[in-house]
Structures are given as C-alpha cells and as structure tokens.
Amino acid sequence: MNELNVKLQRNDVLALFSRQMRNKSVTDFPTLTMLEEAPRHAEKNSKSLNDLYGEFSWCFSDFEKIEKSLELVTCPLSFDYERASQKLQLELIDLQCDAVLKEKFNSVKLDEFYASLSEIISKHLTGGAEDTGVTRLYLCV
C-alpha cells in the first residue's frame with residue numbers, strides 16, 4: 001500500500017488520471033473500457049481522482065515542511081551547513097570534520113550513532129570532555 005501511495009504521488013499520476021477521466025480517455029483503465037456506462041461517470045470519477053490528489057498533496061505537504069530537518073538528521077555528514085540554521089552551522093562543520101565521528105557514523109546504524117553522541121554529550125555535561133561542537137547539534141536535532 002505504501003508503495004502505491006508513493007507511485008501515485010510521484011509525477012502527478014493522480015492529476016494525469018483525473019485529466020484522462022475528464023476527457024473520457026480510459027487508456028490507463030483497461031477495466032473501464034469493458035464497461036458501457038464508463039463515459040457517463042467520467043466527470044464523477046474525475047472529481048473523485050481530484051479529491052484523492054488533494055488528500056495526497058495535503059498529507060505529503062507536512063513532509064515537505066520538515067524535509068530539510070529530516071535530511072539534516074539522516075545525513076549530517078553531507079548536509080550543506082549553509083542550509084542549516086545559523087545556530088547549527090558551526091556544529092555541522094565540526095561534526096563533518098571530526099574523523100572519529102565520521103567513522104562512527106559510517107560504521108553503525110543511525111540510531112546507534114546518535115546514541116553514541118549521547119555518550120559524548122554526557123561526558124561534556126559532566127566536565128569530562130571539551131565541547132566537540134556536536135553537543136548543540138545533538139540537542140537541537
């Protein structure tokens with residue numbers, strides 16, 4: 001089902017289907033070609049497809065709003081620091097230049113990487129390590 005959702009959202013497939021239906025073209029609907037009453041319901045089907053397209057657009061708009069944040073969290077080593085908020089830019093540069101953290105990021109799962117950051121932060125908060133710059137990044141993300 002998720003795969004279908006993604007396919008329908010991509011390339012405005014629902015908008016295409018709606019236009020085809022409105023124009024009474026059933027090329028992409030082979031089952032409808034066998035039904036005699038299909039052309040009579042074209043406008044209703046087109047409206048349903050438009051409504052569905054609107055729902056998809058509304059649902060996925062939330063993801064578009066947080067896309068940059070998701071990219072920052074999932075790919076902090078390749079994220080362009082200039083696209084980050086000013087309060088995170090220096091921390092991103094520090095993170096991207098830290099060979100130990102790069103190795104850790106590339107060798108473990110994402111959740112394990114962030115768990116390891118909590119150890120670094122814990123040491124920092126107890127005075128056992130200097131500020132690596134990652135502290136604020138971890139706390140802000």
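Modeller: Angles over 145 degrees between N-to-C directions count as roughly antiparallel, and the structure discussed here is a predicted model.

Colleague: How are helix α2 and helix α4 oriented relative to each other, roughly parallel or roughly antiparallel?

Modeller: Helix α2 (residues 13-22) packs with helix α4 (residues 42-74) at an angle of about 165 degrees, their axes lying 8 Å apart. Given the cut-off of 145 degrees, α2 and α4 are therefore roughly antiparallel.

Colleague: Which residues of α4 does α2 meet, and in which crossing does α2 pass α4, left-handed or right-handed?

Modeller: From α2, the residues L14, A15, F17, S18, M21 and R22 take part, and they meet A42, E43, N45, S46, L49, N50, L52, Y53 and F56 in α4. The crossing in which α2 passes α4 is left-handed.

Colleague: Why is α2 described as largely enclosed by the rest of the structure?

Modeller: The buried residues in α2 are V13, L14, A15, F17, S18, Q20 and M21. Because α2 has 10 residues in total, it is largely enclosed by the rest of the structure, the number buried being seven.

Colleague: Within what arc do the buried residues of α5 fall, seen down its axis?

Modeller: In helix α5, L88, E91, L92, L95 and Q96 are buried. They line one face of the helix, since seen down the axis of α5 they fall within an arc of 135 degrees.

Colleague: Which exposed residues does α5 carry on the face turned away from its buried side?

Modeller: Exposed here means over 50% relative accessible area. On the face of α5 turned away from its buried side, the exposed residues are Q86, L90 and C97.

Technical notes
Residues are numbered from 1 along each chain as its sequence is written. This is a predicted model: local features need pLDDT of at least 70, side-chain atom pairs count only at pLDDT 80 or more; totals for chains, interfaces and linings use all residues. Side-chain values use heavy atoms; hydrogens and water are left out. Buried means under 20% relative accessible area, exposed over 50%, partly exposed in between (1.4 Å probe, protein chains only). Helices (H or I, at least four residues) and strands (E, at least two) are DSSP runs, numbered from the N terminus. The arc is that of the directions from the helix axis to the C-beta atoms. Axes are lines fitted to C-alpha atoms, for helices over the stretch in contact, and angles run from 0 to 180 degrees between N-to-C directions. Angles under 35 degrees count as roughly parallel, over 145 as roughly antiparallel, 65 to 115 as roughly perpendicular and the rest as oblique. A crossing is left-handed if the near helix is turned anticlockwise from the far one by less than a right angle, and right-handed if clockwise. Contact means heavy atoms within 4.5 Å.
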